[in-house]
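Trainee: Could you show me how to read the features of a protein model, step by step?
Mentor: Gladly; let us look at the model together.

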Amino acid sequence: MTEESWHEARLIPTSGINGAEEQERRATSALLAVITAVKEFGRGLTQPFGAPAGAIEAFIEVPFMLGEKRCYPDGLIRVTRGQRSWTALVEVKTGTNELGTEQLENYLDIARENGFDALITISNEISPLAGQHPTKVDKRKLRKVAMHHLPWSQILAAAVVQKEHRGVADPDQAWILGELIRYLEHPRSGALEFEDMGASWVPVRDAVGAGTLRASDKGVADVAARFDALMRYVSLRLGRTLGTEVVPALTRREMAEPALRNTTLVESLVRDGRVSGAIRIPHAVAPLSIELDLRANRVTCHVDVDAPREGRPTTRVNWLVRQLRAAPESVRIEAFAMHARGPGAAELLRAVREDSAVLVQDPKREIRSFRVALTSPLGTKRGRGRGAAIDSVLDAVETFYGEVLQNLRAWTAAAPKMRDVAELPKETSPALASTALSSQDGVELAASVPAPDSSDDGADDGAAVTM
């Protein structure tokens, strides 16, 4: 037997997982154990839900009585600091299993009866908006108990960011967190990434292509919600790579009224066959916008950049082109002039590199801003893999950020230069000067003083000041 067939010993093994129940139990135990062992990771997950920065305890399959029925939530987390204690029940699903309304409402009742603070659910479901739960429950049950949701992809992203970028003080704890990451990344763990655009994706896409889609059609709202879920997953995936928090860019009204956001996407899908969103990356020049065109089967990533506020139009274009040295020639640049209506001049980067004037429609108008965009094919399949919509969007975002957006910097005006104030000629008699030098005399005085003539053999080369 060769060593190639040997399985390395792991703290959290994936071998021996038989069925969904074992998969769920092992994932729950592994996660809760690491939360208690790695302080930074445990605090990072619990503090956003209102837990204090204290000692964390975790338990699995704690029995509770609800009326005459015995219930077993998957886990319980208790955080204690001084006299303050925060407790949350935990319900976990793995694979394609979804959270059930009745089960969650039972756990909310248990939490209320025992004076617990929250119910935390974990599954592969991704809510369209942060803070929105994927399962609807009776809102009256949320008056005294908060309900929070964590997708497995968000937990994995938090673990990677903590270990690889923020750091773990204790080397042994860092290794333990690494073992959890290895486990969650394994296909048999049941902690799946965003895997499906939904059963309505293909019918809605076909209706868009045929021009027969209506807002009342079945599945349109679901596709809009799936698109927002995809935006959240793209944010988590990119944030995991960059080691920072990347979030969808939404208006305050959209965050306050999730239904409004869904309605807007449905209207755009019916009218134009397109859905669009944006993600906000810390310190990037602007949010990264993503648009899916279901008619043309294209995905476009773009960013809007303010142009410099000084210089000729071609100078402003060259300022942008210099920052796009590593960008592919297929990048499209559109220049918008000040006070101009309609679309601006647009050309591919290859043409702009040869002649920056191709983006200048009117030399008398100042260029206000640029749009830098990159378009690629959109997959048609609803799942993952080659030719799938999800993978094509992920590839488009990573390519655009890596080759375009991360190299762009906002324009800043140069610091003002100190003006040299011209002095009176040294040989000028003080009696001929009407006043002392003023800051307003520099330019005029310098212009009135002729340059010394080297052929004058020491003659008086000063200019007389008129009295």
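This is a predicted model: local features need pLDDT of at least 70, side-chain atom pairs count only at pLDDT 80 or more; totals for chains, interfaces and linings use all residues.

What follows is a conversation about helices, sheets and a few single residues.

Trainee: How many helices and strands does the protein chain have?
Mentor: The protein chain has 13 helices and 14 strands. Helices (H or I, at least four residues) and strands (E, at least two) are DSSP runs, numbered from the N terminus. Of its 467 residues, 43% count as buried; buried means under 20% relative accessible area, exposed over 50%, and partly exposed in between (1.4 Å probe, protein chains only).

Trainee: How do I read two packed helices?
Mentor: Two packed helices are described by the angle between their axes and the distance between the axes. Here, the axes of helix H2 (residues 39-46) and helix H4 (residues 152-166) come within 10 Å and cross at roughly 140°. Axes are lines fitted to C-alpha atoms, for helices over the stretch in contact, and angles run from 0 to 180 degrees between N-to-C directions. H2 and H4 are therefore oblique to each other; angles under 35 degrees count as roughly parallel, over 145 as roughly antiparallel, 65 to 115 as roughly perpendicular and the rest as oblique.

Trainee: Which residues of H2 and H4 meet?
Mentor: From H2, Glu40, Phe41 and Leu45 meet Ile155, Ala158, Ala159 and Gln162 of H4, where contact means heavy atoms within 4.5 Å. The residues of this contact divide into five nonpolar, one polar and one charged. In this scheme Ala, Val, Leu, Ile, Met, Phe, Trp, Tyr, Cys and Pro count as nonpolar, Asp, Glu, Lys and Arg as charged, and the others, Gly among them, as polar.

Trainee: And how do I read a sheet?
Mentor: Strands of a sheet pair through backbone hydrogen bonds, either parallel or antiparallel. Five strands form an open sheet with mixed pairing, in the order E1-E4-E5-E6-E7; two strands pair if DSSP finds at least two bridges between them. Strand E1 (55-60) and strand E7 (146-151) are at the edges, each with a single partner strand, so one side of each has no neighbour in the sheet. Within this sheet, strand E5 (residues 84-92) and strand E6 (residues 118-123) run parallel and are joined by five bridges. H4 lies across E5, E6 and E7, at about 70° to E7.

Trainee: In what order do the strands of the seven-stranded sheet come?
Mentor: The order of that open sheet is E8-E9-E10-E11-E14-E12-E13, with antiparallel pairing. Strand E11 (residues 298-306) and strand E14 (residues 367-377) pair over nine bridges in the antiparallel sense. Arg298 has Pro377 in E14 as its bridge partner.

Definitions and conventions
Residues are numbered from 1 along each chain as its sequence is written. Side-chain values use heavy atoms; hydrogens and water are left out.
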